[in-house]
Amino acid sequence: MNYKIKFQSNEGLFIEDDHLKLVGRKKRDASFLKVVVKGFYEKSSNNNLDFTGSWWFCLLDKSSNKLWLKRDKHSYTSVFYTRIEDTLFVSEDLDYLLKLKEVKINCRKIASLMVSFDYDFGRETVFNGIYSLPAGNELIIDNGVSKVSRYWFPENIAQLKFKRSENYSEKLRDILITSVNQHIGDYTNVASMLSGGLDSSSVTCLAAEHLAKKGKILNTFTHFPKYVSGFRNRPNSFGDESAHAKLVIEKYNNIKGDFLNSSSITPIAALKKWVDLTNGIVHGACNVFWMYDLFKTVGDSKFDLLLTGENGNGTVSFSGIRAKLPWSHKYYRQNILIGVKDKIYQPSKIIIKRFLGTSDNGSWNINSNFLNSNVIHDLDLKEAFLFDRVSIGTVLDTPKNLMNLIIEQARNGRMPLGGLVSKKFGFEMADPTGSPELIEYCYSLPNEVFFGKVGLSRNLIREIMKGILPDSVRLETKKGHQSADIGARLKDTSIEVEEALSTLSKNKTFEYLFDINALKNFWEMLKHKDSNSADQVTINAFLKTIMAGFLIEKFS
């Protein structure tokens with residue numbers, strides 16, 4: 001069988017000679033394919049064709065009739081593909097592939113997305129026969145056999161051990177600054193997402209410093225609640241980070257801050273627009289309204305680059321696992337009872353619960369995900385449920401496994417989505433906290449480096465940002481609570497919610513997958529409940545289910 005490659009013509013360049021066919025692109029690098037060709041002829045091995053930044057290519061070796069589809073290690077890039085007989089179709093946009101053939105909704109994938117962040121069934125999308133290639137992966141088709149495999153394993157990097165504890169933060173600061181500067185590169189109109197939290201604030205400050213040297217302005221975009229009385233600040237979090245964002249903006253003369261409360265779009269309307277835009281479902285459905293508003297504003301304002309800090313939780317501001325600190329750590333020497341609780345009581349409690357079968361990790365609480373009970377068996381979702389129930393961040397995990405899970409979730413979920421959405425709105429996205437060099441370095445760090453001498457987590461980012469971040473932002477221990485007023489927003493637009501439920505309940509596929517009565521009962525409860533006490537986790541599951549319904553309706 002002689003393979004062919006086809007692609008959406010406006011997405012990359014195409015090169016062909018007697019020995020190879022090649023298509024692909026690297027952001028802002030017109031000579032990229034020539035470098036790939038040179039590497040192919042010089043080394044005769046695709047394994048050596050590796051590059052920095054955001055890129056992908058599909059190469060067909062005519063002599064062996066072997067085909068490679070390979071992409072970057074970690075970036076905001078979406079790469080989708082499908083096979084039709086002897087042709088591999090590749091695109092950064094699902095719309096192109098959806099026009100090629102009639103497709104069916106992948107019910108198993110949709111159901112799995114309801115119970116986990118993005119459980120992966122062979123890199124499937126929500127459409128049967130259309131696949132997504134995650135970062136750090138490659139597809140090889142040889143003798144008609146397709147195989148997707150990872151080629152980048154940052155978790156296997158050996159652990160560093162410096163004599164001076166300061167060396168860890170000093171090196172990380174240098175890597176982060178370099179990452180920010182390289183991602184900005186020669187972009188002329190730069191913006192950043194500024195939530196007021198550690199990661200986005202750090203990226204914003206370092207970007208402002210870099211742009212100031214060029215005499216340029218950095219524009220920031222911050223979402224803040226519309227209903228200030230529609231939520232309550234919980235003990236360990238707060239729902240309005242705009243005060244922190246303002247402190248960051250005021251610290252630098254070249255930051256222009258824009259604050260958006262997304263009053264022009266409702267949560268339900270945003271879900272519909274997002275489905276039309278991406279043909280997909282997102283984990284954080286309760287955030288879609290402000291994300292859509294922010295991305296559309298950035299696109300309408302003609303910015304060419306939007307910086308984020310989405311990967312920070314798995315790199316620069318990784319929390320570590322306190323229970324894995326050694327007994328000799330100063331924190332445990334001063335807090336012996338907490339050490340006993342962390343290292344003896346909590347692990348024993350989890351092990352006993354698992355042994356007795358009473359642990360949450362062994363129970364399938366389908367009601368919180370609004371799935372019908374028969375779906376679990378019919379679609380064989382056991383793996384997805386178990387994946388969702390693993391103890392994340394508990395004393396039984398290892399720090400490296402936890403970091404790996406966070407990075408993997410970004411690789412499969414956030415990063416491809418960012419590439420797809422930004423392309424639709426006409427700008428590029430970049431995350432300096434998720435550069436391969438930074439990820440590799442953070443994987444090499446000992447667990448105790450992420451804690452201060454007094455046991456304060458996220459210690460590294462606090463150390464490296466001294467003098468750069470305002471101290472009230474740098475030392476904040478509470479977490480920001482995005483979309484804290486989502487309950488109030490839904491109640492204020494109840495007609496839209498009820499119209500959506502009414503329409504979706506008539507769809508046979510939706511009715512098969514989801515418990516419509518449970519959805520309606522939850523909505524009735526939410527309508528009569530104080531918004532301040534609303535459970536945002538369940539609200540998110542509720543909206544995620546409606547989003548899945550809109551997708552099913554679109555392709556019914």
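Student: How much of the chain counts as buried?
Tutor: Of its 556 residues, 56% count as buried. Keep in mind that this is a predicted model.

Student: What does the secondary structure come to?
Tutor: The chain has 21 helices and 17 strands.

Student: And the accessible surface, what does that come to?
Tutor: About 24,200 Å² for the chain, with 51% of that belonging to carbon and sulfur atoms.

Student: Among contacts between residues at least 6 apart in sequence, what share joins residues at least 24 apart?
Tutor: That share is 72%.

Student: Can you show me a residue with contacts of that sort? What about Y81, where is it found?
Tutor: Y81 is in strand β6, residues 80–84. Its relative accessible area is 6%, so Y81 is buried.

Student: What is Y81 in contact with, leaving aside neighbours within four places in sequence?
Tutor: The list runs L69, L88, F89, V90, L97, G129, I130, Y131, S132, L133, L139 and V148. Take L133 from that list: it is 52 residues from Y81 along the chain, and the two C-alpha atoms are separated by 7.8 Å.

Student: What follows α5?
Tutor: G215, with a positive phi near 70°.

Student: Now α8. What distance does it reach from first C-alpha to last?
Tutor: Helix α8, residues 288–300, reaches 18 Å with its 13 residues, close to the 18 Å expected.

Student: Which residues of α8 are buried?
Tutor: They are V288, F289, W290, M291, Y292, D293, L294, F295, V298 and G299. With ten of 13 residues buried, α8 is largely enclosed by the rest of the structure.

Student: And what comes after α8?
Tutor: K302 follows α8, and the phi of K302 is positive, near 65°.

Student: What is phi of N143, then, and where does N143 lie?
Tutor: Phi of N143 is positive, near 55°. N143 lies in the loop between β9 (137–142) and β10 (145–150).

Student: Is N143 buried or exposed?
Tutor: N143 is exposed, as its relative accessible area is 69%.

Student: What about S262, what is its phi?
Tutor: S262 also isn't a glycine, and its phi is positive at about 55°. Its place is the loop between β14 (255–260) and α7 (267–278). S262 counts as buried because its relative accessibility is 3%.

Student: You listed C442. What is its relative accessibility?
Tutor: C442 is at 0%, so it counts as buried. C58 is at 0% relative accessibility too, and counts as buried.

Student: How many disulfides are there?
Tutor: The count is zero.

Student: Next topic, rings. How many aromatic pairs does the count come to?
Tutor: It comes to 21 aromatic pairs. In one of them, F32 and F57, the ring centres are 6.4 Å apart and the planes are at 50°, so the pair is tilted.

Student: Where do F32 and F57 lie?
Tutor: F32 is in helix α1 (residues 32–43) and F57 in strand β4 (residues 55–61), so the pair ties together parts 25 residues apart in sequence. Both F32 and F57 are buried.

Student: Which residues do ring pairs link into a cluster with them?
Tutor: F51 and W55, which ring pairs link with F32 and F57.

Conventions
Residues are numbered from 1 along each chain as its sequence is written. This is a predicted model: local features need pLDDT of at least 70, side-chain atom pairs count only at pLDDT 80 or more; totals for chains, interfaces and linings use all residues. Side-chain values use heavy atoms; hydrogens and water are left out. Helices (H or I, at least four residues) and strands (E, at least two) are DSSP runs, numbered from the N terminus. The expected span of a helix is 1.5 Å times one less than its number of residues. Buried means under 20% relative accessible area, exposed over 50%, partly exposed in between (1.4 Å probe, protein chains only). Rings of Phe, Tyr and Trp (its six-membered ring) pair if their centres lie within 6.5 Å; planes under 30 degrees apart count as stacked, over 60 as edge-to-face and the rest as tilted. Contact means heavy atoms within 4.5 Å. Accessible areas come from the Shrake-Rupley method with a 1.4 Å probe; for residues, only the protein chains shown count as cover. A disulfide is a pair of cysteine sulfur atoms within 2.5 Å.
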